[in-house]
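Let us walk through this structure one part at a time. Keep the sequence and the 3D view side by side as you read.

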Amino acid sequence: MDVLLPKSDEYFMQQALKEARIAFDEGEVPVGAVIVLNNKIIARGHNQVEKLNDPTAHAEIIALTSAFNFLGSKYVPDATLFVTVEPCLMCAGALYWSKIGRIVWGADDEKNGHQRITKDQSPFHQKAAITSGILKEECARLMKDFFKQMR
């Protein structure tokens, strides 16, 4: 009988990067996200702000909505979000209300990330575990390449 070994944070961040590359190819700011429960991806999302003409259509929001629909629940306390870039304050609020158990991001976002505003106080649910810097360079490079291309 095969035992499914837990996949690494790097593996799941690679999956989020695949979503970010889809956004990049669609002319969206290249942020991608996946939500993992019991070592399986249950939801995916990438920025669709331009496509949907909706400033709230961030990767995290798209992934959360998909996860809620998949589970039939408005809370995901046992799930982990992997997102390529630090969540903005709007997404941090959505993650707070989702009661997600863990949040993992790649690159910090000094301009629009939640840390710019919240400083030393986490906007996430008090029970949420936070990990940052997973595949940081690769995630940051995709953002830099996108904005370089836009100039």
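Helices and strands here are DSSP runs, numbered from the N terminus: a helix has at least four residues, a strand at least two. The model is a predicted one.

N38 is not a glycine, yet its phi is positive, about 55°. Is N38 buried or exposed? Its relative accessibility is 66%, so N38 counts as exposed. N39 is in the loop between β1 and β2 as well. Its phi is near 70°, again a positive value in a residue other than glycine. But N39 is buried, because its relative accessible area of 17% falls under the 20% cut-off.

Now turn to helix α4, which spans residues 89–98. Which of its residues are buried? They are C91, A92, L95 and S98. These four cover an arc of only 120° around the axis, which puts them on the same side of α4. The spacing fits a general rule. An α-helix has 3.6 residues a turn, so residues three or four places apart point the same way.

What covers that buried side? The cover of the buried residues includes α3 (59–71), β3 (80–85) and β4 (102–107).

Y96 also belongs to α4. Its relative accessible area is 29%, so Y96 counts as partly exposed. Look at what Y96 touches beyond its neighbours within four places in sequence: P123, F124, H125 and Q126. Take Q126 from that list. Y96 and Q126 are 30 residues apart along the chain, while their C-alpha atoms are separated by 8.4 Å.

Just after α4 comes K99, with a positive phi of about 60°. K99 also meets an aromatic ring. It lies over the face of Y75, at 4.3 Å from the ring centre.

Next, follow the strands. β3 and β4 run parallel, and five bridges join them. Across this pairing, F82 stands opposite V104 in β4.

Leaving out residues up to four places away in sequence, L81 touches A33, V34, I35, E60, L95, I100, R102, I103 and V104.

Finally, look at the aromatic rings. A pair of aromatic rings is described by the distance of the centres and the angle of the planes. How many aromatic pairs are there, counting ring centres within 6.5 Å? There are five. In one of them, F12 and F82 have ring centres 5.3 Å apart and planes at 35°, so the pair is tilted. This pair links distant parts of the chain: F12 is in helix α1 (residues 9–25), F82 is in strand β3, and 70 residues separate them. F12 counts as buried, at 3% relative accessibility. F82 is buried too, with a relative accessible area of 2%.

Another pair is F24 with F146. Their ring centres are 5.7 Å apart and their planes stand at 70°, so this pair is edge-to-face. It too links distant parts of the chain, from F24 in helix α1 to F146 in helix α6 (residues 136–150), 122 residues apart. Both F24 and F146 are buried.

Together with Y11 and F12, F82 forms one aromatic cluster.

Key. Residues are numbered from 1 along each chain as its sequence is written. This is a predicted model: local features need pLDDT of at least 70, side-chain atom pairs count only at pLDDT 80 or more; totals for chains, interfaces and linings use all residues. Side-chain values use heavy atoms; hydrogens and water are left out. Buried means under 20% relative accessible area, exposed over 50%, partly exposed in between (1.4 Å probe, protein chains only). The arc is that of the directions from the helix axis to the C-beta atoms. Contact means heavy atoms within 4.5 Å. Rings of Phe, Tyr and Trp (its six-membered ring) pair if their centres lie within 6.5 Å; planes under 30 degrees apart count as stacked, over 60 as edge-to-face and the rest as tilted. A charge sits over a ring if NZ of Lys or CZ of Arg is within 6 Å of the ring centre and within 35 degrees of the ring normal. Two strands pair if DSSP finds at least two bridges between them.
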